[in-house]
Amino acid sequence: MKDTIAQNVRSLLSRLPPDVLLVAAAKTRSSDEVRAALDAGIRAVGHNYVQEAEAMQAAFGQQEIRKTPRPRWHLIGHLQRNKAKMAAGLFDMIETLDSVRLAEALDRHCADIGKVMPVLIEINSGRESNKTGLDPDMAEPVVREMARCENLRIQGLMTMGPRSGDPEEARPYFRLTKSLFDEFLSKPIENVEMKYLSMGMSNSYRVAIQEGANTVRIGTALFGPRSETS
Ligand SMILES: *Cc1c(COP(=O)(O)O)cnc(C)c1O
């Protein structure tokens, strides 16, 4: 298991352009699996759930051997407002900010612990009514409001895009998100720095990178297929 994960990590890192950040999507994985990925060169770990990150960080805290530098912990799943306090303490980046109320809650909790939190804005690039993320057409005014949160640093955009087996079908949604990213770049807003564009998963990261992603979130291609659907 560990050898396979290490091989997958190395081969993917060798194929990704050097400026692309590889976030290991850790949902359903054990701390041993994630440890193997870290030992092989992963620097950022993405969690979908606050409690999952908490459990894994606790597991790592109990291991004394720390060969690798401390990983960066990213939240890549939806954040509920009642979990904002825990998230403020646990993560190094929240990739899924998608409402002003959530931003304000997170801002307060970050202020309480004296932390400035890097965040990405999640864009609902497929405009799917059942999905989280900001509607691309509504993003700018919302981001302007979020930018008032002094304990958050808006550093880019994240999108999932509609699920599909064919990565080519994701291309228009990645392209749309990149164009929004470029729009923000072209009109500077205080406290908004377009630095990270997080899009692409195991089956779609190549297309995402072609469309301008510099952060990819990958689970299956590192750890193998998940047993449960999630
Ligand atoms: C699971 C997940 C990924 C990675 O998906 P894979 O297909 O396993 O690579 C990326 N981003 C988010 C938000 C996820 O939930």
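Biologist: What volume does the largest pocket have?
Modeller: About 880 Å³, taken as the space filled by probe spheres set on grid points joined across faces, edges and corners. A pocket here is an open set of points on a 1 Å grid over the protein atoms alone, where a 1.4 Å probe fits, with protein on both sides within 12 Å along at least five of seven lines. This is a predicted model, so local features need pLDDT of at least 70, side-chain atom pairs count only at 80 or more, and totals for chains, interfaces and linings use all residues. Numbering runs from 1 along each chain as its sequence is written, and side-chain values use heavy atoms, without hydrogens and water.

Biologist: Which residues lie nearest its centre?
Modeller: Lys 27, Asn 48, Met 160, Arg 163 and Met 201, out of 44 lining residues (an atom within 4 Å of a point).

Biologist: Which elements supply at least two residues of that lining?
Modeller: Helix 3 (50–62) does, as do strand 5 (117–123), strand 6 (152–159) and strand 8 (215–218). Those are DSSP runs numbered from the N terminus: helices H or I, at least four residues; strands E, at least two.

Biologist: New topic: how many disulfides are there?
Modeller: Zero in the whole structure, with sulfur pairs within 2.5 Å as the cut-off.

Biologist: Is Cys 110 buried or exposed?
Modeller: Buried, at 0% relative accessible area. Cys 149 counts as buried too, at 5%. Buried is under 20%, exposed over 50%, partly exposed in between (1.4 Å probe, protein chains only).

Biologist: And in helix 7, which residues are buried?
Modeller: Arg 171, Phe 174, Thr 177, Leu 180, Phe 181 and Phe 184.
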